[in-house]
Amino acid sequence: MLARRIIPCLDCDLGVPDGRVVKGIEFKQIRYAGVPWELATRYYEDGADEIVFLDITASHERRATMFDVIKKTSEHVFVPLTVGGGISSLEDARNAFNAGADKVTVNTAALRRPELIREISESYGSQAVVVAIDAKRRYQDLDGRITINTESGRCWFECSCYGGRRFTGVDALAWARRVEELGAGEILLTSMDRDGTYDGFDIELTSAVSGMVRIPVIASGGCASPEHMYEVFRRTGASAALAASIFHFNQWSIRDCKRYLHERGINVRITD
Amino acid sequence: MIAIVDYGMGNLFSIYNALLKAGGDPEIKREPDFAGAAGIVIPGVGSFGRCMESLRRFQEPLEQRIAEGTPVLGICIGMQVMMEESEESPGARGFGWIPGRVVRLPEGVTVPQMGWNSLEIKRNLELLDGINPGDMFYFVHSYHCVPSDKTAVVATTHYGVEIAAVVAEENIYGTQFHPEKSGPKGLRILENFVRMVRC
């Protein structure tokens, strides 16, 4: 049986040499957490099952910096590396793989041109394509949407793109099914209602998506403690839990989170 | 020196860096010339058929080195091509160093298997020194090896069915998982390989 994974996510500002890891709530109160490859190495040594780098600047001239970050990281980190942020073509994906990435995540570009998922999947295998879905609860205009019953009422979920700055009208649950058909190997599911709140994962959203698709779902948004990880693993079919700030600012180590989960019967990889 | 066979199917940084980290002296070989290689690694990228097409020109020098006793380690597809044939690419011939076939993962499990799975160890092997039953390794694959002679299977993992995770026959070794992506335990296997190559 596959272990549930714990994945630290590094949001990278690549406007400086080597880049820097940032964390801010809705792009306000930005804090700097460190140099990407150094932080990635620390998490690797602490037992991270995978590392996700998201380029929040995502401009063409800074893409090269991201590839340098990946190259440098792959000298020190021996778990899978995933790269996202501004991957908008097969060529962008190829450059990321050539730099040493094992997987890429796509969001905005895939919403604009869904065939991109198929193209990357056919060239590099479905395991190399992670589709990021940033989903926001909507309690109105339910007609024609896939809806679920939640504690706060019936709702659907709307996909956002450009890091949550724009909404698309796309039904996130329908989109989840579609991306699986197109050849996505995984879904990185972020709750825009929970992201940055530290209130825990959106269990209802994660449960709905992981129940609808056969590919692994990575739960994201709102994680502030190992209890939140335990809750998402116990109550949903999520394969992995992604978190950022709780690791960046030393609130919790990955090792302690895994020990907590292991003691409660969750199948995780324990490192010495 | 440990030669990494570069058959042009993708980046080899991970395995190169991991062998360096494990204390080895890797060199990427684009040409079928293994002079000076004390060990050889066949990395895993791509489909069985396409790999065999690109690997064919390496076959003769590889078999010569195997006959001389040089340890060879195949990773993922690099292990699968050591078998005779694969359901992934009907008609394509593998190297056939280990008798048996490669078949698709069973119905009812998500394909590919992607993630960390634990090992069950069937017998002692120097390559697995320091590896304990239950240790986890990183797998990414849609097909798996079924050797005709079960004693070739050194360790297994469970994913719908029992799957050969490590195979060995004399100086030929294969891992279905990626040791270069499997954290400290994966590096331990590469350290063992580096040590075996030096002896």
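Two notes on conventions come before the tasks. This is a predicted model, in which local features need pLDDT of at least 70, side-chain atom pairs count only at pLDDT 80 or more, and totals for chains, interfaces and linings use all residues. Residues are numbered from 1 along each chain as its sequence is written, chains are lettered from A and ligands numbered from 1 in the order in which they are written, and side-chain values use heavy atoms, leaving out hydrogens and water.

**Exercise 1. Find the residues with the most contacts inside the largest nonpolar core.**

Step 1: A nonpolar core is a set of buried Ala, Val, Leu, Ile, Met, Phe, Trp, Tyr and Cys residues joined through side-chain atoms within 4.5 Å. Buried means under 20% relative accessible area, exposed over 50%, and partly exposed in between, with a 1.4 Å probe and protein chains only.

Step 2: The largest such core has 118 residues, and A:I51, A:F53, A:I117, A:I133 and A:M229 have the most contacts inside it. Helix α5 (residues 183-198) of chain B gives the largest share, seven residues; helices here are DSSP runs of H or I with at least four residues, strands are E runs of at least two, and both are numbered from the N terminus.

Step 3: Now look for a second, separate core; it has 33 residues, including B:L55 and B:W97.

**Exercise 2. Work out which residues join α6(A) to α7(A).**

Step 1: On the α6(A) side, pick out A:L173, A:A176, A:R177 and A:E180; on the α7(A) side, A:L205, A:A208, A:V209 and A:M212. Contact means heavy atoms within 4.5 Å.

**Exercise 3. Describe the aromatic pair of A:Y230 and A:Y260.**

Step 1: Rings of Phe, Tyr and Trp (its six-membered ring) pair if their centres lie within 6.5 Å; planes under 30 degrees apart count as stacked, over 60 as edge-to-face and the rest as tilted.

Step 2: The two tyrosines are 6.5 Å apart centre to centre with 80° between the planes, so the pair is edge-to-face.

Step 3: A:Y230 is partly exposed at 22% relative accessibility, whereas A:Y260 is buried at 18%.

**Exercise 4. Locate A:D141 and B:E170, and decide whether each is buried or exposed.**

Step 1: A:D141 sits in the loop between β7 (129-138) and β8 (148-150) of chain A, and its phi is near 50°, a positive value in a residue other than glycine. Its relative accessibility of 63% makes A:D141 exposed.

Step 2: B:E170 lies in the loop between β12 (161-169) and β13 (172-175) of chain B. B:E170 is exposed, with a relative accessible area of 74%.
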